[in-house]
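Please consult the sequence and the structure shown below while reading.

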Amino acid sequence: MRVTLLRTVPPVSALVDIDELYRQHAPTVARWAARLGGPGIEVQDVVQDVFLVARRRLQRFDGSANITTWLFRATERIVLAARRQARRRAWLSRTPSDLAPAAPRSRPTPLEAVERDELAGIVYRLRDRLPERQRQVLILFEMEGLSTAEIAALTGSLIATVRVQLHRARARMAELYGSTEAEQLTARRRT
């Protein structure tokens, strides 16, 4: 009778040190947080929360997914929660003066800077009106420069699904931008 001893392989979490994980992946997590969250997000808070979650759950990480995929999912969830909380705070803190049209800036800025700021604001507002999955795919493809295969690996989607979401996000952004342009043209004619 032959007895085979099975050697147990330690889980990936036993091989990964949280400090080393932070050193290697914090810049990437910060970039994801900034791009997924937009200008109103506190990037360092999100990074800290992601690695707090990673520290708590690292013991349960079995290595069935890539560590970057695992961190992206955590970043994605934390950014979503932060965006929801920011929307709630903004809604609850509204006053009648907030509802009035914004006063023009008191100090003049160069025309190009104003136009750039306005366009960036429009893009962020339009991007926020996209469904969350389309918004993420658009950000990862256009801003992060990831391929559809890389996005599929990060989000756990099929490549074809990522391509469809990217196509729909671009079409919706064009549609939203067109309607925004029409609204601005109408507003200019009224003044």
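Arg83 is placed in helix α4, helices being DSSP runs of H or I with at least four residues, strands runs of E with at least two, both numbered from the N terminus. Arg83 is buried, its relative accessible area being 9%; buried means under 20%, exposed over 50% and partly exposed in between, with a 1.4 Å probe and protein chains only. The model is a predicted one, in which local features need pLDDT of at least 70 and side-chain atom pairs count only at pLDDT 80 or more, while totals for chains, interfaces and linings use all residues. Residues are numbered from 1 along each chain as its sequence is written, and side-chain values use heavy atoms, with hydrogens and water left out.

**Surroundings of Arg83**

- Leaving aside residues up to four places away in sequence, Arg83 touches Leu36, Gly37, Asp128, Glu132 and Arg135, a contact being heavy atoms within 4.5 Å.
- A network of salt bridges links Arg83 with Asp128, Glu132 and Arg135; a salt bridge is a side-chain nitrogen of Lys or Arg within 4 Å of a carboxyl oxygen of Asp or Glu.

**Largest pocket**

- The largest pocket holds about 480 Å³ of space. A pocket is an open set of points on a 1 Å grid over the protein atoms alone, where a 1.4 Å probe fits, with protein on both sides within 12 Å along at least five of seven lines. Grid points are joined across faces, edges and corners, and the volume is the space filled by probe spheres set on them.
- The largest pocket is lined by 21 residues, and the closest to its centre are Gly40, Ile41, Ala82, Arg83 and Ala86; lining residues have an atom within 4 Å of a point.
- Two or more lining residues come from each of α3 (43–57), α4 (67–92) and α6 (111–128).
- Helix α4 gives the most to this lining, with eight residues.
- The lining has eight nonpolar, four polar and nine charged residues. In this classification Ala, Val, Leu, Ile, Met, Phe, Trp, Tyr, Cys and Pro count as nonpolar, Asp, Glu, Lys and Arg as charged, and the others, Gly among them, as polar.

**Other positions in helix α4**

- Arg77 also lies in helix α4 and is exposed, at 54% relative accessibility.
- From Ala81 to Val46, 35 residues apart along the chain, the C-alpha separation is 9.9 Å.

**Salt bridges**

- There are nine salt bridges in the structure.
- Glu20 and Arg23 form a salt bridge through their side chains, at 3.3 Å from N to O. Both residues lie in helix α2 (residues 18–37), three residues apart, about one turn of the helix. An α-helix has 3.6 residues a turn, so residues three or four places apart point the same way.
- Glu20 is partly exposed at 33% relative accessible area, whereas Arg23 is exposed at 54%.
- Glu144 and Arg31 are joined by a salt bridge whose closest N and O atoms are 2.8 Å apart. Glu144 lies in the loop between α7 (132–143) and α8 and Arg31 in helix α2, so this pair ties together parts that are 113 residues apart in sequence.
- Glu144 counts as buried at 14% relative accessibility, and Arg31 as partly exposed at 37%.
- Glu142 pairs with Arg170 in a salt bridge, with 2.6 Å between the closest N and O atoms. Because Glu142 lies in helix α7 and Arg170 in helix α9 (residues 159–190), the pair ties together parts that are 28 residues apart in sequence.
- Glu142 is partly exposed at 44% relative accessibility, and so is Arg170 at 39%.

**Helix α8**

- In helix α8 (residues 148–155), the buried residues are Thr148, Ile151, Ala152, Leu154 and Thr155. They lie on the same side of α8 because they cover an arc of only 165° around the axis, the arc being that of the directions from the helix axis to the C-beta atoms.
- Gly156 follows α8 and has a positive phi, near 75°.

**Overall architecture**

- The chain has nine helices and zero strands.
- Of the 191 residues in the chain, 30% are buried.
- Among contacts in the chain with a separation of 6 or more, 72% are between residues 24 or more positions apart.
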